[in-house]
Amino acid sequence: MKLNPIEKILAYLALLVVAVLLAGPLAIMVCSSLKTPAEIQANPHALLPQSWRWENYGDAVSAMPFFLYLRNTLLICIGSVVGTVISCSMAAYAFSKLNWPGRNLLFGVLIGTMLLPWHVTMIPRFLLLREVGLYNTLGALIIPTFLGDAFSIFLLRQFFRTIPEELSEAARIDGLSEWGIFWRIVLPLSKPAIATVALFQFIAAWNDFSGPLLLLSDKRNFPLAYGLEQFVSSYSDQTHLLLAAATLFTLPIVVLFFLTQRTFLKGIATTGLK
């Protein structure tokens, strides 16, 4: 649908208002993290600080083992992204490109698991991981991702279905195995969808608090999300440090999204067209 100039102006104004409303809390948090404690108490509603106190970030980092938490978080994020992409892409290929008895029924059961809240499987997950010796290790948060994720499998399956079947048939005639078709044809054509799944999983692992709360007890294994909660409990009266720590936790995800938004939007827009 083609818009006339007035409609375009109104649409851009509406988008601008929504963008300001969504970015406003983030801007307030960043600006407030650069204020002095006295300024926050005296004038908490002012947006820009009177004196830019960059030392707040150094104080926040030194007040907790920030780089240890960051290392743990990156290990969990990278490991879970690798596990999710590998397991979900192979499962999605089986559901979209291979014909086998009970495929649609099992896919329906898989979709049904998306209705189960995380709290329903929380206790069985804890007991299972404890029995296999993974409790209080980073592996407890990484290894389960190698078993697949229903939403990621669904997303990749829908994208794989948009790839013409003629390409796979031609490859089979040329003697290429199913693994070869998956690795050399389907995956290279699915980079936007795979990047979308990887971004979703990275953000989920970065923000995950319930998992570490359930499966970790040693502070040396804490990720940033859990470490930040402990930091809030210890420094609840020092708002400037809390805001600085929250900014350090939030900005990497914001930057990551801006760097990958083109691929992310392409992956979402082209999923489920068939």
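**Entry 1: terms and model**

I count a helix as a DSSP run of H or I at least four residues long, and a strand as a run of E at least two long, numbered from the N terminus. The model I have open is predicted.

**Entry 2: the annotated spans**

Over residues 105–128, the chain is 62% helix and 0% strand. The end C-alpha atoms of residues 105–128 are 27 Å apart. Residues 66–93 come out as 100% helix and 0% strand. Their end C-alpha atoms lie 40 Å apart.

The unreviewed UniProt entry also lists "domain: ABC transmembrane type-1" at residues 70–260.

**Entry 3: domains**

I then looked up the domain assignment. It gives domain 1 as residues 5–52 and domain 2 as residues 63–270. How far apart do the C-alpha centres of domain 1 and domain 2 lie? I get 32 Å. For the contacts, I find eight residues of domain 1 touching eight residues of domain 2.

I also stopped at H240. This histidine sits in helix α14, residues 239–269. Is H240 buried or exposed? Its relative accessible area is 8%, so I log H240 as buried. Leaving out residues up to four places away in sequence, H240 touches S33, K35, P37, I40 and N56.

**Entry 4: the nonpolar core**

I listed the largest nonpolar core. It has 58 residues, and L156, F160, W206 and F231 touch the most other members. Helix α4 (residues 66–97) supplies the largest share of this core, with 10 residues.

I took L156 as the example. Outside the four places on either side in sequence, its contacts are C88, S89, A92, A193, I194 and V197.

**Entry 5: cysteines**

How many disulfides does the structure hold? I find zero. I wanted the reason for C77.

I checked accessibility for both. C77 is at 0% relative accessibility, so I log it as buried. C88 is also at 0%, so it goes down as buried too.

**Entry 6: salt bridges**

I searched the whole structure and got six salt bridges. The background is simple. Side chains of opposite charge can pair when their charged atoms come close.

I looked at K97 and E165. They form a salt bridge, with the closest N and O atoms 3.5 Å apart. K97 is in helix α4 and E165 is in helix α9 (residues 165–173), so this pair ties together parts 68 residues apart in sequence. K97 is buried, at a relative accessible area of 6%. E165 is partly exposed, at 26%.

R172 counts as partly exposed, with 25% relative accessibility. I traced the links onward. K97, E165, E169, R172 and E178 are joined in a network of salt bridges.

I noted one more pair, R220 with D218. Their closest N and O atoms are 2.7 Å apart, and they form a salt bridge. R220 counts as exposed, at 57% relative accessibility.

**Entry 7: backbone at N136**

Last, I checked a backbone angle. Most residues other than glycine have a negative phi. What is the phi of N136? I read a value near 65 degrees, positive in a residue other than glycine. Where does N136 lie? I place N136 in the loop between α6 (122–131) and α7 (139–142).

How values were computed:
Residues numbered from 1 in each chain as written. Predicted model: local features only at pLDDT ≥ 70, side-chain atom pairs only at ≥ 80, totals over all residues. Heavy atoms only, no water. Core = buried A, V, L, I, M, F, W, Y, C linked by side-chain atoms within 4.5 Å. Buried < 20%, exposed > 50% of the residue type's maximum accessible area, 1.4 Å probe, protein only. Contact = heavy atoms within 4.5 Å. Disulfide = S-S within 2.5 Å. Salt bridge = Lys/Arg side-chain N within 4 Å of Asp/Glu carboxyl O. UniProt positions renumbered as here; feature names shortened; annotations may be inferred. Domains from an automatic or database assignment.
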